[in-house]
Every structure is written in structure tokens, then in C-alpha cells.
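Please look through the structure shown below with this briefing at hand. The points are grouped by topic, so that each can be followed on the model in turn.

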Amino acid sequence: MATVTAHHGSVPVATMQRDDRDGRTGYDGRMGYDGRTGAAGNQPWAGHAGRHVTATVLIVEDEFNIGRLVRTYLERDGYGVVWVRSGEEGLVELERHAVDLIVLDVGLPGIDGFEVCRRVRASSSVPVIMLTARDEETDRVVGLELGADDYVPKPFSPRELVARVKAVLRRTQPQRPAAELLSCGSVELRRDAREASRAGVSLDLTMKEFDLLACLLEHPGLALTREQLLEHVWGLEFPGGTRTVDQHVAQLRAKLGASLTIETLRGVGYKLVRP
Ligand code: CA
């Protein structure tokens, strides 16, 4: 991102002056700090201009250099970022917008990060990663007891923080299915509604039959090994091993009739034949 280094020298000073003038400590910190004039610079919730925003992160950090750095790294990774510099403002933003994760400094003017975390947890399960200057176990324990999801002691590498953000989001966000509607020939499957139909007539599938059909529909014409199907559909549970796959394919074939062809690949697995 070329914009990061462009105007650091002068703009933060202007931002600070504006803070002093109107007595606010947070709102100006999140906009236009690097002199950008595009959408991302002026609309705090727009994220990195021109990129698909994967999640929105609220940064509550009073230290300018740290807030700026964290924001830069998160935006570079495609996150939408809003940055405020006090806990009070963080709570206001949380009420107003859909935040996917909070990066929360412990040492803040006004109410501290622990208190912010306590108040957030009173009404929300949004993931929280706490930042602190003190590498003390008690702080870590307090933060985690208050419901923080992770804890990063300062000084930290921004890359590490971004990795933690990703890991926490992976852990806490339900994975969105790649496609809600899958179809092949006359068979349609709506994953969000967990409905499958053949020529418009609803199919009565068990949970695993449904997942197996979804997996086949995702890979039409491709050879899928029994092991791949097991891993996709059953995950870490392997009741009966690969025979389970054979059994469920047989059940699926019976229910699908001639509408779909699931070919057996001897010694390999199965393939959904394109119509
Ligand atoms: Ca601080």
C-alpha cells in the first residue's frame, strides 16, 4: 500500500491539533491520517478502497503510532477498520455498527480496556483481542476472565497481531458456505436451508447424505477418493471408515434414482457424472 508512507510527517500533527480543538480524542484518529482523500480515508467503515472487506475490526487504542500501524496492517489484509482512541467511543461505535472483532488496548484514557471488555461482554459476544504494555500474568488472566478471546503483550509485531486476528475470527466466525445453491441436472441443493430436491420434489435426506451430496455437487466430473469424502463429510469422526462412504453413496443412489449418476471408480472412490 503506497499511501502509508506518503504524508506521515505532517498529517498526524494536524490530526492531533483537531483533537485538541474540539476536545475529542477518538474520531479524528481514524480518518485521513495518511493524507488519503479516497473513500477509505473519509469513510471509516468502507475498509480498504477497492477490496472486498472480509470483516470489520474496531481498534480501541489511544497511542497514535500503534493505532496507525495496526490499522495499516489490517487494511492491507482486506479488513475494514474503524479506529477510536477511547473506550467510551469504542462502546458507542459498537452500538452503531456491525463489528466482527475488537482490538482493545488495556491502558486508555477514561475507562480502561478491562472495563470496556466487561461492558462489551454484558451485551455482546464479539471477539476481543487485548493489547497491553505490561507482560504480566495477572493482566492476561484478568483479560481472559473478563471474556477476552486472546491477549497480545506490547511490544508486538503487527504481523503477529494480524495472524491472531485471523485465528480468532476463524475460531469464532461461522464459515460461510462457498455457494448456497448447488445444482446438477434436475437435482438442486440449498445449503443455507438444508433442502435438496429432484425435479422440484423435495428429497428426504439424512444429514450425512445431504453433506455427501453437497460435496459431490461441488466437484462435478472430478474423481473424489473415499478418504476425501470421509474428511469432507465426516471430518474427524470415522464411523466404520471408508465403508461408511460406500454405504451412504448407495443410499444416495437409491434416493436420487436416475436423476444423477454417481460413478464408482474402482480402487479410488466416486465421481459425479455431469449430465
Ligand atoms: Ca494505551
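In this predicted model, the buried residues of helix 9 pack against helix 8 (207-218), strand 10, helix 10 (242-256) and strand 12. Those buried residues include L229, L230 and V233. Seen down the axis of helix 9, its buried residues fall within an arc of 105°, and therefore they line one face of the helix.

**Helix 9 and its partners**

- The axes of helix 9 and helix 10 are 9 Å apart and pack at an angle of about 80°, and because angles of 65 to 115 degrees count as roughly perpendicular, the two helices are described as roughly perpendicular to each other.
- On the side of helix 9 this contact is made by R226, E227, L229, L230 and W234, while helix 10 contributes T242, T244 and V245.
- Just after helix 9 comes G235, which takes a positive phi of about 65°.

- Three strands form an open sheet in the order 10-12-11, and their pairing is antiparallel.
- Strand 10 (223-225) and strand 11 (261-265) stand at the edges, and each has a single partner strand, so one side of each is left without a neighbour in the sheet.
- From one strand to the next, the twist averages 30°.
- Strand 11 is joined by five bridges to strand 12 (residues 269-273), with the two running antiparallel; one of the pairs to look for is T264 with its bridge partner in strand 12, Y270.
- Helix 9 (residues 226-234) packs on this sheet, where it touches strand 10 and strand 12, and the direction of helix 9 makes about 75° with that of strand 10.

**The hairpin of strands 6 and 7**

- Strand 6 and strand 7 pair in the antiparallel sense over four bridges, and in strand 7 the bridge partner of C184 is V187.
- The two strands form a hairpin with two residues between them, and G185 in the turn has a positive phi of about 60°.
- In a regular strand the side chains alternate between the two faces of the sheet.
- In strand 6 (residues 181-184), L182 and C184 make up a covered face, whereas L181 and S183 make up an uncovered one.

**Nonpolar cores**

- The largest nonpolar core has 34 residues, and those with the most contacts inside it are V57, I102 and L104.
- At least two residues of this core are supplied by each of strand 1 (56-60), helix 3 (64-76), strand 2 (80-84), helix 4 (87-96), strand 3 (101-105), helix 5, strand 4 and helix 7.
- If residues up to four places away in sequence are not counted, I102 touches L58, V60, V120, V126 and V128.
- Apart from this core lies another, of 22 residues, and among them are L189, A196, L217 and L256.

- P127 is found in the loop between helix 5 (113-123) and strand 4 (128-132).
- Leaving aside neighbours within four places in sequence, P127 is in contact with L101, D149, V168, L169 and T172.
- P127 and V57 are 70 residues apart in sequence, and their C-alpha atoms are 9.8 Å apart in space.

**Backbone details in the loops**

- Most residues other than glycine have a negative phi, and most peptide bonds are trans.
- R194, in the loop between strand 7 (187-190) and strand 8 (195-198), has a positive phi of about 50° although it is not a glycine.
- A199, found in the loop between strand 8 and strand 9 (201-202), is not a glycine either, and its phi is positive, near 50°.
- Why are these two residues called exposed? A residue is exposed if 12 or fewer other C-beta atoms lie within 10 Å of its own, and R194 has 12, while A199 has 10.
- A cis peptide bond, with omega of about -5°, joins K154 and P155, and P155 lies in the loop between strand 5 (150-153) and helix 7 (158-172).

How values were computed:
Residues are numbered from 1 along each chain as its sequence is written. Two residues are in contact if their C-beta atoms, placed from the backbone, lie within 7 Å. Two strands pair if DSSP finds at least two bridges between them. Axes are lines fitted to C-alpha atoms, for helices over the stretch in contact, and angles run from 0 to 180 degrees between N-to-C directions. A residue is buried if 20 or more other C-beta atoms lie within 10 Å of its own, exposed if 12 or fewer, and partly exposed in between; C-beta atoms are placed from the backbone. The arc is that of the directions from the helix axis to the C-beta atoms. A nonpolar core is a set of buried Ala, Val, Leu, Ile, Met, Phe, Trp, Tyr and Cys residues joined through C-beta atoms within 7 Å. Angles under 35 degrees count as roughly parallel, over 145 as roughly antiparallel, 65 to 115 as roughly perpendicular and the rest as oblique.
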